[in-house]
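Reader: I should like to learn how to read the features of this structure. Would you guide me through it?

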Amino acid sequence: MALGWLLWGAAVLLLLHVLMELSPAVNFALRIGFYSLLCLVSSALTAPVCLLLNGGRTVKNMRIIKTVVKTFKYFFGLRFEVKGLENFEVKGPAIIVSNHQSILDMMGLMEVLPDDCVQVGKKELMYAGTVGLIIYLGGVIFINRKSTTSAKMVMAEVAKTMATDNVKVWVYPEGTRNCTGDLLPFKKGAFHLAVQAQVPVIPVVYSSFTTFYNPKKNLFTSGKIKVEILPPIETKGLTSDDVSDLTDRCFHTMRETLFRLSGHPS
């Protein structure tokens, strides 16, 4: 009986392997399915550890979450080449801004995430099952993107949190995923926050995923991701009148870096 089940299991695995080789759509669906399952299961297993060690919702849980997520890359054949980690070594709070490409960004985030750093994420993530639970425990600050008033109130609270808890805040200024190999225009919220709190902005750029991940083409293979943490941009002495220039400066610097890391002409 056991031998029969083993044979059936081997046959199913062989069939899946053949389908993955023959059909990009099947390969993509299975990889995304496995990634989603991995996120859900690992979150369910990690949440009790966070509760036992740190007692509840705290940015300290990000160390535990980071350790777990950094193993994901081995399942998908992804390699990270990181440059500029020393630029995170600023004293006190800071705003970290990075490009936002896909659901795989979580792996890139955890690969370089500094200690005492909270992320700003969309409110909908709270309802993503065990994934929502684990990021809640990690101290992620949820924002309602559909409500400008609500978003401004949250960002005001973030400014207080930075000062009180001496933490860095990670924001995706594009506001949504963008897997085109370019940047979307930046929203100004993160830069208003940096100027209001008079803290530096640290840009982080990930090379384009399009060579190995593209949902429109059912592409999901192994690949290398280059990550560059750029030098901090000081905001001391800047006022709200300087926010637009600061936003544009960060956008153009990050866009040039994105093209360079991705090997694309600017």
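Predicted model: local features only at pLDDT ≥ 70, side-chain atom pairs only at ≥ 80, totals over all residues.

Reader: What span should the 20 residues of α9 have?

Author: Helices (H or I, at least four residues) and strands (E, at least two) are DSSP runs, numbered from the N terminus. The expected span of a helix is 1.5 Å times one less than its number of residues. For α9 this gives 28 Å, and its end C-alpha atoms are 28 Å apart, which agrees. Just after α9, G263 takes a positive phi of about 75 degrees.

Reader: Is T257 buried or exposed?

Author: Buried means under 20% relative accessible area, exposed over 50%, and partly exposed in between (1.4 Å probe, protein chains only). T257, which is found in helix α9 (residues 243-262), has a relative accessible area of 5% and is therefore buried. Other buried residues of α9 include C250, F251 and M254.

Reader: Which residues does T257 touch?

Author: Contact means heavy atoms within 4.5 Å. Leaving out residues up to four places away in sequence, T257 touches V205, E228 and L230. The elements that cover the buried residues of α9 include β6 (201-206) and β9 (223-229). A polar contact is a pair of N or O atoms within 3.5 Å; within protein, one must be able to donate a hydrogen and the other to accept it, and residues adjacent in sequence count only if both atoms are side-chain atoms. The side chain of T257 reaches the backbone oxygen of T253 at 2.8 Å.

Reader: How many residues has the largest nonpolar core?

Author: A nonpolar core is a set of buried Ala, Val, Leu, Ile, Met, Phe, Trp, Tyr and Cys residues joined through side-chain atoms within 4.5 Å. The largest has 44 residues, and F88, W170 and Y213 are among those with the most contacts inside it. Helix α2 gives the most to this core, with 7 residues. Apart from it lies another core, of 34 residues, including V97 and C250.

Reader: Which residues does UniProt list for "transmembrane region"?

Author: The unreviewed UniProt entry lists residues 35-53 and 125-143. UniProt positions are given in the numbering used here, feature names are shortened, and annotations may be inferred rather than shown by experiment. In the model, residues 35-53 are 100% helix and 0% strand, whereas residues 125-143 are 47% helix and 16% strand.

Methods: Residues numbered from 1 in each chain as written. Heavy atoms only, no water.
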